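Dear colleague,

Please find the structure below, together with its sequence.

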Amino acid sequence: MRSHLSVVSIFSASFAILLWSGEAAGLCASVFENQQDHALLGHVMETVNVTDEFECHRKCIQNNTCKSFNIHPLKSNAVQKTCEMNNQTRQLKPKHYKKKIGSSYHGSVEVSCVNIMETNNQQKEGRCQPGYSGKQCTAVKKGLSPDFPGVSCKDIWKYTNAQKNGEYWIDPKGTGHPFKAYCDMTTDGGGWLLVMNVITGSSHSNQLSVMTSYRGISDYHNNKMVITTSAMKELYGDLNFQQIRFHCRKHGVGRTFHVVTAANSSGNAVVQYFSGLTDVEPVSCGSYVRMEDDNSELARRCSEWNHGQSGKWSRTGKDWNYSVQRLYNHAAWIKDKYHWDLVDRKPFECDDFDAVSNAYAGYWKVFVR
């Protein structure tokens, strides 16, 4: 049986969606929304003259790098139009999406043919497919609804260009049981998932909320959340994150420890260690990059980490429960001088040692990406 191209148009009050499908295959090749009097500027990869928008659409779906296209009237020819194929969409580059009278924007959206064909029935029944909400079943941005979670903060940032820090819905395993987590979408490019969050005030409490499953990171609000090595291993298995970021500050000390694991083998060794994939203590020097606000002695003196001269992260031994507490019990330290510690000392330590500082208020945060 010969397959051929068919067109289905579905209209709502604000936009039209053109659905191109191969009937023999029964699958969508692509789905595009149509926004009149608008265009995406600055991302044109190819320009051709066409007779209508359908010809431009065909050219776009035949090009693997084309994600959207603009149609402009051609002043010198009333029959033909200018077709601009873009390598971005308005969702990915919202600042470059502009009003342009007479032109039209056509961009791909992340939906399936089944979702599109059921839209009218959904509206009649008062329900929407995952990823859609409202009376018109319009698209919801990834991560803003439990019906359309992201895999991770990085996944949400990548596909929505999110610029706001805060709560997002994620489902690392794709099981259909999402949970809320805190995402830092602004630091060092964004896409960071908060996995440890401890904030202390002027008084001190040793009480910590220890998360033995990574789903517990949704409880970051209590400001006592730490995560075990086994939970980190579980999270790594589902996300395969590539970086860890350590950030702490004690206000009375006046210094900030803020480092990100480097994009090299030494940085990867740190990720492997704190995710419980190896028990080999990683070398400190060359394994991290200091952030702009880092002014810590700990980050400056990497060769002195651990027992003074060994230059390694963490510490193993009978008195250290490193198999469980790696991220929060002496993750980085210079003996009797500068520590990252949330277990042994009162008060907790960030680039200080309790023998020389009785400052309490501060914060300790760990992110992965």
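**Disulfides and burial**

Cys 60 is buried, with a relative accessible area of 1%; buried means under 20% relative accessible area, exposed over 50%, and partly exposed in between, with a 1.4 Å probe and protein chains only. Please note that this is a predicted model, in which local features need pLDDT of at least 70 and side-chain atom pairs count only at pLDDT 80 or more, while totals for chains, interfaces and linings use all residues. Residues are numbered from 1 along each chain as its sequence is written, and side-chain values use heavy atoms, with hydrogens and water left out.

The structure holds five disulfides, a disulfide being a pair of cysteine sulfur atoms within 2.5 Å. Three of them are described here.

- Cys 60 is joined to Cys 66, with an S to S distance of 1.9 Å. This link of Cys 60 and Cys 66 is left-handed, with -95° about the S-S bond. Cys 66 is buried, at a relative accessible area of 11%.
- Cys 153 and Cys 183 have their sulfur atoms 2.0 Å apart. The torsion about their S-S bond is about -75°, so this disulfide is left-handed. The pair links distant parts of the chain, 30 residues apart: Cys 153 lies in helix α4 (residues 153–160) and Cys 183 in strand β11 (residues 179–184). Both Cys 153 and Cys 183 are buried.
- Cys 285 is joined to Cys 302, S to S 2.0 Å. The link of Cys 285 and Cys 302 is right-handed, with 105° about the S-S bond. Here too the pair links distant parts of the chain, 17 residues apart: Cys 285 is in the loop between α6 and β17 (288–290), and Cys 302 in the loop between α7 and α8. Cys 285 is partly exposed, with a relative accessible area of 31%, whereas Cys 302 is buried, at 15%.

Helices (H or I, at least four residues) and strands (E, at least two) are DSSP runs, numbered from the N terminus.

Cys 60 belongs to helix α1 (residues 53–61), whose buried residues are Glu 55, Cys 56, His 57 and Cys 60. Asp 52 caps the N-terminal end of α1, with a side-chain oxygen 3.1 Å from the backbone nitrogen of Phe 54.

In helix α6 (residues 265–274), the buried residues are Gly 267, Val 270, Val 271, Tyr 273 and Phe 274. They cover an arc of only 165° around the axis, which puts them on the same side of α6; the arc is that of the directions from the helix axis to the C-beta atoms. Their cover includes α5 (229–239), β15 (244–250), β16 (255–261), α8 and β18 (329–334). At the N-terminal end of α6, Asn 264 is the cap, with a side-chain oxygen 3.1 Å from the backbone nitrogen of Ser 266. Gly 276, whose phi is positive, near 70°, follows α6.

**Nonpolar cores**

Which residues touch the most other members of the largest nonpolar core? Of its 60 residues, they are Leu 193, Phe 246 and Phe 257. Strand β12 (residues 192–200) supplies the largest share of this core, six residues. Another core, of nine residues, lies apart from it and includes Val 48, Phe 69, Ile 71 and Met 85. A nonpolar core is a set of buried Ala, Val, Leu, Ile, Met, Phe, Trp, Tyr and Cys residues joined through side-chain atoms within 4.5 Å.

Yours sincerely

Conventions:
A polar contact is a pair of N or O atoms within 3.5 Å; within protein, one must be able to donate a hydrogen and the other to accept it, and residues adjacent in sequence count only if both atoms are side-chain atoms. Contact means heavy atoms within 4.5 Å.
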